[in-house]
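Let's take a walk through a protein together, starting at its surface and then following the chain. Please have a look at the sequence and the structure before reading on.

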Amino acid sequence: MAFGVESMPNFPILDAQTPESLDELIEGIDFRVTFDVGHLNTTTRDFDSFIETFRERIVHIHLHDNFGKRNEHLALGEGNIPWERVLQRLSPKTWALEVEGLKEAELSLKFIKEKAGELL
């Protein structure tokens, strides 16, 4: 069984908002990483660095969109995350949609199938 510490959004009292702080937090512990793409968009937006730093330790991925200011949990494609680049770099781990409702989930699933169908 693997435990994943989730990357966190931009919020004053939270740790693990950057790849460096998350790496420091789990250093020397047998914990893995839950990569929350929407959260990273509110902090560094450095998707390539995050994926490279934690590639082998990512056990789960949370998918939702936003405009980088706050954690909006929009359907994929409705914010400003560069999904075409991000989806192509994600490994086929377990993915979870973190959106507001069924309509947003359906839109997100359609978006994923169009942008990264070969990964599914």
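Which residues make a nonpolar surface patch of about 480 Å²? The patch is made by M1, F3, I29 and F31. Before we go further, please keep in mind that this is a predicted model.

Now step back and look at the whole chain. The protein chain has five helices and four strands. If you read from the N terminus on, the elements run β-α-β-α-α-β-α-β-α.

How does the overall form look in numbers? The C-alpha atoms fill a box of roughly 40 × 30 × 25 Å, taken along the principal axes. For 120 residues, a compact globule would have a radius of gyration near 14 Å, and the protein chain agrees with this because its own value is 14 Å. Of the 120 residues in the chain, 38% are buried. The accessible surface comes to about 6,700 Å², and carbon and sulfur atoms hold 52% of that surface.

Contacts tell us how the chain comes back to itself. If we take the contacts in the protein chain with a separation of 6 or more, residues 24 or more positions apart account for 65% of them. Some of the pairs below will show you what such a link looks like.

Let's turn to charges. Side chains of opposite charge can pair when their charged atoms come close. How many salt bridges does this structure have? The count comes to eight. A salt bridge here needs a side-chain nitrogen of Lys or Arg within 4 Å of a carboxyl oxygen of Asp or Glu.

Start with D48 and R89, whose side chains meet in a salt bridge with a distance of 2.8 Å from N to O. D48 lies in helix α3 (residues 47–54) and R89 lies in helix α4 (residues 83–89), so this pair ties together parts that are 41 residues apart in sequence. D48 counts as partly exposed because its relative accessibility is 30%. R89 is partly exposed too, with a relative accessible area of 23%.

R89 has another partner. Its side chain also meets that of E52 in a salt bridge, at 2.3 Å from N to O. This pair again links distant parts of the chain, with R89 in helix α4 and E52 in helix α3, 37 residues apart. At 48% relative accessibility, E52 counts as partly exposed.

The side chains of E84 and K115 meet in a salt bridge, 3.0 Å from N to O. E84 lies in helix α4 and K115 in helix α5 (residues 102–116), so the pair ties together parts that are 31 residues apart in sequence. Is E84 buried or exposed? E84 is exposed, with a relative accessible area of 52%, while K115 counts as partly exposed at 27%.

Next, let's visit two loops. R45 is found in the loop between α2 (37–41) and α3, and R45 is partly exposed, with a relative accessible area of 32%. What does R45 touch, once residues up to four places away in sequence are left out? The answer is L40, N80 and P82. R45 and P82 are 37 residues apart along the chain, and their C-alpha atoms are separated by 9.5 Å. The side chain of R45 also makes a polar contact with the side chain of N41, at 3.2 Å.

Our last stop is E72, which lies in the loop between β3 (58–63) and α4. E72 counts as buried because its relative accessible area is 19%, and the cut-off for buried is under 20%. A polar atom of the E72 side chain lies 2.9 Å from the backbone nitrogen of F67. Leaving aside neighbours within four places in sequence, E72 is in contact with D65, N66, F67 and E100.

Key:
Residues numbered from 1 in each chain as written. Predicted model: local features only at pLDDT ≥ 70, side-chain atom pairs only at ≥ 80, totals over all residues. Heavy atoms only, no water. Patch = residues over 30% accessible without salt bridge, like charges linked within 9 Å, V, L, I, M, F, W, Y side chains within 5 Å. Areas by Shrake-Rupley, 256 points an atom, 1.4 Å probe, with all protein chains shown as cover. Rg over C-alpha atoms; globule rule 2.2 N^0.38 Å. Buried < 20%, exposed > 50% of the residue type's maximum accessible area, 1.4 Å probe, protein only. Contact = heavy atoms within 4.5 Å. Polar contact = N/O pair within 3.5 Å; in protein donor to acceptor, adjacent residues only side chain to side chain.
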